[in-house]
Amino acid sequence: MACLEVMLWHGCDLGFPVEAVTVDHGLRPEASGEIGTVADHCAEKGIPHTVLTWKWSGAGNLQAEARRARYRLIGDWARNSGIDQVALGHTRDDVAETFIMRLARRSGVDGLSEMDHRFTRHGTTWIRPMLDHGREEWREYLLRRDISWIEDPSNDDPKFERVRARDRLKALSKLGIDAGALSEVARNMSAAREALEHYVRREAARIASEENGDVILAADASSQGRRVPREILFRLRRHALAWVGGGAYPPRSDAMLELDHALRNEGRHTLAGCIITREPDGRDGPGPWRIAREFNAVKDVFGRTDRQWDGRWVLEGPHADALEVRALGEAVRDTPWRETGMPRRSLLASPAIWRGATLVAAPVAGLAGPWTAKATGRGRFDEFLQSR
């Protein structure tokens, strides 16, 4: 409610429209009454209000699954409604609690960095305009404006990790380690992360290239006679996996170490929806890494040909309602794929245009006709790195 009121004030002051959205997780019977309160407040202020619903399957971590669902549902709503930005209500306290949670998981610089003030997910731009202020400041703001709010009872349930982190923060505050102090440390970590990413982009310009949706990382990891620091290569590889696989979060460090081991011993591994290979370079030495989309990750993904496919592929051609786009798969045998110079395993996950069971075109595999396909939905890889 606080975030809604602040955005309303700024929206009226600057002359841009504001809409509100609520996600009903269907977990508490009293939620319907709370949603009604929000709806009444919006109606009083003349703000369009939408309610989205989600039902937990019972699988996975409840809070993590609910968070992913919120981003997906709200992202879809924003795009379909022509909304440019979605404001989130995270505060300085959320930064501090997240810092404690990730410290317990032995996170590195990225995990301990401050939440991004602006980021893109599910094709939507998200902003966090309240990070520089604490919850108590916003409660005082609401009191001054005579606006009531509702406390979520899950905020006091110790079965949730964030609630336990909140309790630990109260204990640490006696030592002067409060939300403000941890928020400042997180901001310092963000500055360190920014410096590391500067060198990642510099090395990417030297050793990274794209080929029809794949990222290729040259085996030569030295620069002017000096080895590139392991952390820089580690980050570059994780970003390549994120660009190809489209994951909201990068692979964990232990998974990246397992990937390294697998490539040294087997030359191939799957991770984060990608298949990663490392072939000999012809001189009995290690060759470049090729990071491609894994077929199993997209075999059930289909959609209209005039819509972005798999989060990054954009197709141009004679679109029609009877056509759909889905992965090429074993139909690669019906294309002149060898002429493209692309590995067969990469082409399995490339976009193809189908009319029912009939293959119409596979632009990346050489069966193009009037169709083109470009992996530009997330921008080029170098553009993607600029946004990190």
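Strands E15 and E16 (residues 351-355) pair in the antiparallel sense over four bridges. Two strands count as paired if DSSP finds at least two bridges between them. Strands here are DSSP runs (E, at least two residues) and helices are DSSP runs (H or I, at least four), numbered from the N terminus. The model is predicted: local features need pLDDT of at least 70, side-chain atom pairs count only at pLDDT 80 or more, and totals for chains, interfaces and linings use all residues. Residues are numbered from 1 along each chain as its sequence is written, and side-chain values use heavy atoms, with hydrogens and water left out.

E15 (residues 324-327) also runs antiparallel to E13 (residues 302-303), joined by two bridges. The whole is an open sheet of four strands, ordered E13-E15-E16-E17, with antiparallel pairing. E13 and E17 (358-361) each have a single partner strand, so one side of each edge strand lacks a neighbour in the sheet.

## Three-stranded sheet

A second open sheet has three strands in the order E3-E5-E4, and its pairing is mixed. Strands E3 (85-87) and E4 (118-121) are the edges; each has a single partner strand, so one side of each is left without a neighbour in the sheet. The twist averages 30 degrees from one strand to the next. Angles run from 0 to 180 degrees between N-to-C directions, and axes are lines fitted to C-alpha atoms, for helices over the stretch in contact.

Helix H3 (residues 62-81) packs on this sheet and touches E3, E4 and E5. Contact means heavy atoms within 4.5 Å. The direction of H3 makes about 115 degrees with that of E5. E4 pairs with E5 (residues 124-127) in the antiparallel sense over four bridges. Within that pair, Phe119 has Trp126 of E5 as its bridge partner.

## Helix packing: H4 and H7

H4 (residues 92-104) packs against H7 (residues 161-172) at about 100 degrees, with the axes 9 Å apart. The two helices are therefore roughly perpendicular to each other. That class covers 65 to 115 degrees; angles under 35 count as roughly parallel, over 145 as roughly antiparallel, and the rest as oblique.

H4 contributes Asp94, Ala96, Glu97, Thr98, Ile100 and Met101 to the contact. From H7 come Glu161, Arg162, Ala165, Arg166, Arg168, Leu169 and Leu172. By class, the contact has six nonpolar, one polar and six charged residues. Nonpolar means Ala, Val, Leu, Ile, Met, Phe, Trp, Tyr, Cys and Pro; charged means Asp, Glu, Lys and Arg; the others, Gly among them, are polar.

## Helix packing: H8 and H9

H8 (residues 179-207) and H9 (residues 230-245) pack at about 75 degrees, with their axes 9 Å apart. H8 and H9 are therefore roughly perpendicular.

On the H8 side, the contact uses Arg193, Leu196, Glu197, Tyr199, Val200, Glu203, Ala204 and Ile207. On the H9 side, Glu231, Ile232, Leu233, Arg235, Leu236 and His239 meet them. Eight of these residues are nonpolar, one is polar and five are charged.

## Cavity

One cavity of 30 Å³ or more turns up in a search of the whole structure. On a 1 Å grid over the protein atoms alone, a cavity is a set of points where a 1.4 Å probe fits but cannot get out; lining residues have an atom within 4 Å of a point. Points are joined across faces, edges and corners, and the volume is the space filled by probe spheres set on them.

The largest cavity holds about 60 Å³. Its lining consists of Asn212, Gly213, Asp214, Arg293, Arg312, Trp313, Met342, Ser346, Ala349, Ser350 and Val364. Four lining residues are nonpolar, four polar and three charged.

How values were computed: On a 1 Å grid over the protein atoms alone, a cavity is a set of points where a 1.4 Å probe fits but cannot get out, and a pocket is an open set with protein on both sides within 12 Å along at least five of seven lines; lining residues have an atom within 4 Å of a point.
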